[in-house]
Amino acid sequence: MSSYHTILTVAACAVVAGVGCSKGAADAAETPQAASSVSAGAPLLPAVNPCEQKLLAPADLEGILTMPITGTKPIPGDAQTCWYTTSGSDHLALTLRPGHGLAAVQMWLDGKMPLPYTPLPGVGDKAISQADSHRIVADKNNLLCELEAHGVTQEMRDPGALAKKLGSLCNKIFASAH
């Protein structure tokens with residue numbers, strides 16, 4: 001993980017959770033009981049890593065990265081993030097956090113993140129796109145769907161094309177969460 005990504009992740013966790021991220025907090029937030037206690041309207045997903053849920057297939061991710069997806073890898077210490085990996089260093093990170101979608105998107109909308117963003121209509125209830133980090137942050141019923149691509153194709157370097165593709169992936173995940 002780059003220091004840039006680490007700084008953004010720590011800042012996002014601090015604002016969203018109010019106390020920062022920890023393995024214990026992530027583990028507690030992934031249980032159905034914890035998800036329902038965070039927000040009564042939050043969709044309940046199985047208490048498994050997104051890699052194990054198989055919400056996205058390699059075919060869903062075609063054309064995003066310069067290399068084809070060859071597998072998935074859970075992230076140690078973050079039970080709610082999955083990396084879709086290639087044979088090289090390219091990867092796509094998917095983070096799903098029940099009970100954190102509203103706060104995460106609102107943090108961007110309120111200008112609390114140090115990067116410029118673009119609102120992303122048509123994705124979940126609210127979403128933003130951050131072109132510099134090849135990321136979208138979306139909320140649907142307080143479920144956070146965050147996708148960040150590392151090693152995007154020339155076509156996906158167009159911020160609009162990448163945002164549209166990543167937004168469609170979050171919408172697919174949101175549809176399967178209910």
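The model is predicted.

- Seven strands form an open sheet with antiparallel pairing, and reading across gives the order E1-E2-E3-E7-E6-E5-E4.
- Strand E1 (71–75) and strand E4 (118–119) are the edge strands, each pairing on one side only.
- Helix H6 (residues 159–176) packs on this sheet, where it touches E3, E5, E6 and E7. The direction of H6 makes about 30° with that of E6.

**E6 and its partner E5**
- Strand E5 (residues 126–130) runs antiparallel to E6, and 5 bridges join the two.
- If you want a landmark in this pairing, look for isoleucine 128, which stands opposite valine 137 in E6.
- The E5 and E6 hairpin has 4 residues between the strands, and histidine 134 takes a positive phi near 50° there.

**E6 and its partner E7**
- With strand E7 (residues 143–150), E6 pairs in the antiparallel sense over 6 bridges.
- Here alanine 138 has cysteine 145 in E7 as its bridge partner.
- The E6 and E7 hairpin has 2 residues between the strands, and asparagine 141 in that hairpin takes a positive phi near 55°.

**E2 and E3**
- Strand E2 (residues 78–85) and strand E3 (residues 91–98) run antiparallel and are joined by 5 bridges.
- Tryptophan 83 finds its bridge partner in E3, at alanine 93.

Terms used
Residues numbered from 1 in each chain as written. Predicted model: local features only at pLDDT ≥ 70, side-chain atom pairs only at ≥ 80, totals over all residues. Heavy atoms only, no water. Pairing = 2+ DSSP bridges. Contact = heavy atoms within 4.5 Å. Axes fitted to C-alpha atoms, helices over the stretch in contact; angles between N-to-C directions.
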